[in-house]
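Subject: Structure for your review: aromatic rings

Dear colleague,

Please find the structure below. I would be grateful if you could read the notes that follow alongside it.

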Amino acid sequence: MILTVTLNPLLERRLVFHSVELGKNNKCIDEKYAAGGKGINVSRQLNYLGIQNSALTFLGGNNGKILRSILTEEKINFSIQSTKSETRIADVIIENDTKRITTFFGINSKISKEEAGEFKNKLERMIQNCSIVVFSGSSPCDETNSIFPFGIELANKYDKISILDTYGKHLNDCLNVSPTVVHNNISEVEESLSIKLHNDEEKINYLKNLYAKGIKLSFLTDGANYFFASKFDFIYKISFPSVEPVDSTGSGDAFTAGIAYGLENSQVFDDFVKIATALGIANATKLETCNVAKHEYEKYLSDIIVEPVGKKMKIIDDTPNY
């Protein structure tokens, strides 16, 4: 069973218009609510992949009640730490005529020290009963910045695979406690760590530095461009076909779900990297977030290329000779 951990969940109010004129009154033609937050997105995609999982998150206020009902309706298994603070909300403006999507994020929740402590207690109990734990998304406030590093240390203690996909000022603390797997996009790394990754050499050196910290698998994605990954101290370049995007929101989460899916099923590196990449591509072609079905991602698999950079891993023929 895979556990996903989301510190900063999001209630999305999706408002659909034919088109929007700034400074004018605009009449909405459709409205619905959706559950967001990176770890919750990963859980949704894992459901579509047929992988048992549970989502741990904070919920509070009326927004939290609405979000809870959406998770129940989507059949996402979840556990919560209640908060006095309202769960954050975002208005997602969708224009049918121009295909433009604009998001306005509300204020982050304010989590108390006591609520963060209770969350850690629940996290420790749940980590002991999972095979993989995914730490996804941002931290809403200072009181929650220590939760991901704490959880990664727990995963190491209980010999669980940990997958990290976060950003912000707690990223460095998370990396220093050696998660098993790290996924980031380049802009997240540059902004969070105040470094520059302008060329291939800088990107590869960054992945090597992660391996030096004890991180076994690393993925440094770059939107619609080819990207680099590392397996121990072996570096790979992953190229994939271009598509006409509809909404790329959640493509990184679909990618992370693919990595978790592959590790849960003990797949070889090349295979699950291709699945993860195909999930990210397929997600970008849809308006909905992280609900990619098998037939939607499989059509991209044959066009994804995973090639080693620099030294190559030796393939040992261990076939018995009789």
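The notes below concern aromatic ring pairs and charges over rings.

This is a predicted model, in which local features need pLDDT of at least 70 and side-chain atom pairs count only at pLDDT 80 or more, while totals for chains, interfaces and linings use all residues. Residues are numbered from 1 along each chain as its sequence is written, and side-chain values use heavy atoms, with hydrogens and water left out.

The structure contains 9 aromatic pairs (rings of Phe, Tyr and Trp, the last by its six-membered ring, with centres within 6.5 Å; planes under 30 degrees apart are stacked, over 60 edge-to-face, the rest tilted). The rings of Phe-219 and Phe-269 are stacked, because their centres are 6.2 Å apart and their planes lie at 15 degrees. This pair links distant parts of the chain, 50 residues apart: Phe-219 belongs to strand 11 (residues 217–222) and Phe-269 to helix 9 (residues 269–284). Helices (H or I, at least four residues) and strands (E, at least two) are DSSP runs, numbered from the N terminus. Both Phe-219 and Phe-269 are buried (under 20% relative accessible area, 1.4 Å probe, protein chains only).

The rings of Phe-227 and Phe-255 have centres 5.6 Å apart and planes at 80 degrees, so this pair is edge-to-face. Phe-227 and Phe-255 are both buried.

Ring pairs join Phe-219, Phe-227, Tyr-236, Phe-240, Phe-255, Phe-269 and Phe-272 into a cluster.

Lastly, the charged end of Lys-120 sits over the ring of Phe-150, 5.2 Å from its centre (NZ of Lys or CZ of Arg within 6 Å of the ring centre and within 35 degrees of the ring normal).

Yours sincerely

Notes
Buried < 20%, exposed > 50% of the residue type's maximum accessible area, 1.4 Å probe, protein only.
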